[in-house]
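I opened a new structure today and kept notes as I went. Here is the thing I was looking at.

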Amino acid sequence: MSDLTDHMIAYYVAGPANDLNIATRWYPYGELSLIIEDKFQIATRKFGLKVRAQSKAAGQQFLDAMIGKGAWATTENEFGGKMHQFQADTFRAVIKDMQASNAIIAQAEAEGPEFWDKAFGELVA
């Protein structure tokens, strides 16, 4: 991961991820990836185009990590593809754990709300 995507994921986990709620139907990975990419674009739009341009990479890394931690259940469909279903309780637990253990989030909490503007500004300068 790059420093920029690390910060984007930390920013998303620190705030907007707390409000994520996805219908509990089964999604193909591609569709789910587009949904999460959109969530990252919306969450980081205030940091400018250079940050938003990395939404796909950050969203995919976030989604892959969440699938790996069970925040989305995975099953194989009848055609051999994998489908994923949002698991709200597991997702919330994983987010709380990430919030407690992420060094970037800890630094942001220590430095205050202006941390994010400064950090993203430096990363895309």
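**Entry 1: what I am looking at**

I reminded myself that this is a predicted model.

**Entry 2: helix H2**

I began with H2, which runs over residues 29-44 and has 16 residues. I checked its span from first C-alpha to last and got 22 Å, close to the 22 Å expected at 1.5 Å a residue.

Next I asked myself which residues of H2 are buried. I found Leu32, Ser33, Ile36, Glu37, Phe40, Ala43 and Thr44. Looking down the axis of H2, I saw that these buried residues fall within an arc of 140°, so they line one face of the helix. I jotted down the background rule here: an α-helix has 3.6 residues a turn, so residues three or four places apart point the same way.

Then I wondered what covers the buried residues of H2. The cover includes the helices H1 (3-14), H3 (49-52) and H4 (55-68). It also includes the strands E1 (27-28), E2 (72-76) and E3 (82-86).

**Entry 3: the sheet**

I turned to the strands and asked in what order they sit in the sheet. It is an open sheet of three strands in the order E1-E3-E2, with antiparallel pairing. E1 and E2 are the edge strands, as each pairs on one side only.

I went through the two pairings one by one. E1 and E3 pair in the antiparallel sense over two bridges. In that pairing I found Tyr27 opposite His84, and Pro28 has Met83 as its bridge partner. E2 and E3 also pair in the antiparallel sense, over five bridges. There, Thr74 stands opposite His84, and Trp72 stands opposite Phe86.

The hairpin of E2 and E3 has five residues between the strands. In this hairpin I picked out Gly80, which takes a positive phi near 95°.

Is E3 enclosed or open to the outside? Four of its five residues are buried, so E3 is largely enclosed by the rest of the structure.

I zoomed in on Gln85, which is in E3. Its relative accessibility is 18%, and since buried means under 20%, Gln85 counts as buried. A polar atom of its side chain lies 2.5 Å from the backbone oxygen of Thr24. Leaving aside neighbours within four places in sequence, Gln85 is in contact with Thr24, Arg25, Trp26, Ala71, Trp72 and Ala73.

**Entry 4: the nonpolar core**

I looked for the largest nonpolar core and found that it has 37 residues. The residues with the most contacts inside it are Phe62, Met66, Trp72, Phe91 and Trp116. H1, H2, H4, H5 (88-101), H6 (103-111) and H7 (114-123) each supply at least two residues of this core. H1 gives the most, with seven residues.

I then followed Phe91. Apart from neighbours within four places in sequence, Phe91 is in contact with Ala17, Leu20, Phe62, Met66, Ala71, Trp72 and Phe86.

My last stop was Thr5, in H1. Is Thr5 buried or exposed? Its relative accessible area is 2%, so Thr5 is buried. A polar atom of its side chain lies 3.1 Å from the backbone oxygen of Ser2. Beyond its neighbours within four places in sequence, Thr5 is in contact with Gln54, Ala57, Ala58 and Gln61.

At 28% relative accessibility, Ala57 counts as partly exposed. I also took a distance from Ala57 to Phe40, which is 17 residues apart from it along the chain. Their C-alpha atoms are separated by 9.8 Å.

How values were computed. Residues are numbered from 1 along each chain as its sequence is written. This is a predicted model: local features need pLDDT of at least 70, side-chain atom pairs count only at pLDDT 80 or more; totals for chains, interfaces and linings use all residues. Side-chain values use heavy atoms; hydrogens and water are left out. The expected span of a helix is 1.5 Å times one less than its number of residues. Buried means under 20% relative accessible area, exposed over 50%, partly exposed in between (1.4 Å probe, protein chains only). The arc is that of the directions from the helix axis to the C-beta atoms. Contact means heavy atoms within 4.5 Å. Two strands pair if DSSP finds at least two bridges between them. A nonpolar core is a set of buried Ala, Val, Leu, Ile, Met, Phe, Trp, Tyr and Cys residues joined through side-chain atoms within 4.5 Å. A polar contact is a pair of N or O atoms within 3.5 Å; within protein, one must be able to donate a hydrogen and the other to accept it, and residues adjacent in sequence count only if both atoms are side-chain atoms.
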